[in-house]
Amino acid sequence: MTDSSTAGILTVLHPVTDLAAAKAVYSALLGVQPQADGPYYVGFDVAGQHIGLVPGGGPQGMTSPVAYWHVPDIEAKLAEVTAAGGKVKEPARDVGGGRLVATFTDPDGNVLGLLQDQ
């Protein structure tokens, strides 16, 4: 193992079918209004976590929530988890502002995310 530790799960994205309805429910649950509020993404920052709503699962076709582990070196962590038996689902890509995201599956097919802020 290398020293590519994680900062833990700080981001969870949820695919939703009705963005307006989901936004109302999550606003009530979290007790705050979204900090990012657009037609393609709604995001809430609360208690050190980011909760995102992705209409239709977005371009990545999410079918269930995905927890994103924050890491200092996404490529190193992808190499580590694939060497241990994980399989890359989506390689690292920039989603804006230097933020990199990637997803992989564990041996049971569960989708896990990695996120690196630069």
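Predicted model: local features only at pLDDT ≥ 70, side-chain atom pairs only at ≥ 80, totals over all residues.

**Stop 1: helix α1**

Select residues 19-30, which form helix α1.

Now colour L19, A22, Y26 and S27, which are buried. Where do they sit around the axis of α1? They cover an arc of only 135 degrees, which puts them on the same side of the helix. An α-helix has 3.6 residues a turn, so residues three or four places apart point the same way.

Turn the view to the other side of α1, where A20, V25 and A28 are exposed.

**Stop 2**

**Stop 3**

Select D18, which caps the N-terminal end of α1. A side-chain oxygen of D18 lies 3.2 Å from the backbone nitrogen of A20. Then go to G31, which follows α1 and has a positive phi, near 75 degrees.

**Stop 3: salt bridges**

How many salt bridges does the structure hold? There are four, and the tour visits some of them.

Begin with K23 and D37, whose side chains meet with an N to O distance of 2.9 Å. K23 belongs to helix α1 and D37 to strand β2 (residues 36-37), so this pair ties together parts that are 14 residues apart in sequence. K23 is partly exposed, at a relative accessible area of 24%.

Next select K77 and E80, which form a salt bridge of 3.5 Å, N to O. Both lie in helix α2 (residues 74-83), three residues apart, about one turn of the helix. Are they buried or exposed? E80 is buried, with a relative accessible area of 16%, and K77 counts as buried at 11%.

Finish with R99 and D117, where the salt bridge is 2.7 Å, N to O. R99 lies in the loop between β6 (87-94) and β7 (100-105), and D117 in the segment after β8 (111-116), so the pair ties together parts that are 18 residues apart in sequence. D117 is partly exposed, with a relative accessible area of 45%, and R99 is partly exposed, at 29%.

Notes: Residues numbered from 1 in each chain as written. Heavy atoms only, no water. Helix = DSSP H or I, 4+ residues; strand = E, 2+ residues; numbered from the N terminus. Buried < 20%, exposed > 50% of the residue type's maximum accessible area, 1.4 Å probe, protein only. Arc of directions from axis to C-beta. Polar contact = N/O pair within 3.5 Å; in protein donor to acceptor, adjacent residues only side chain to side chain.
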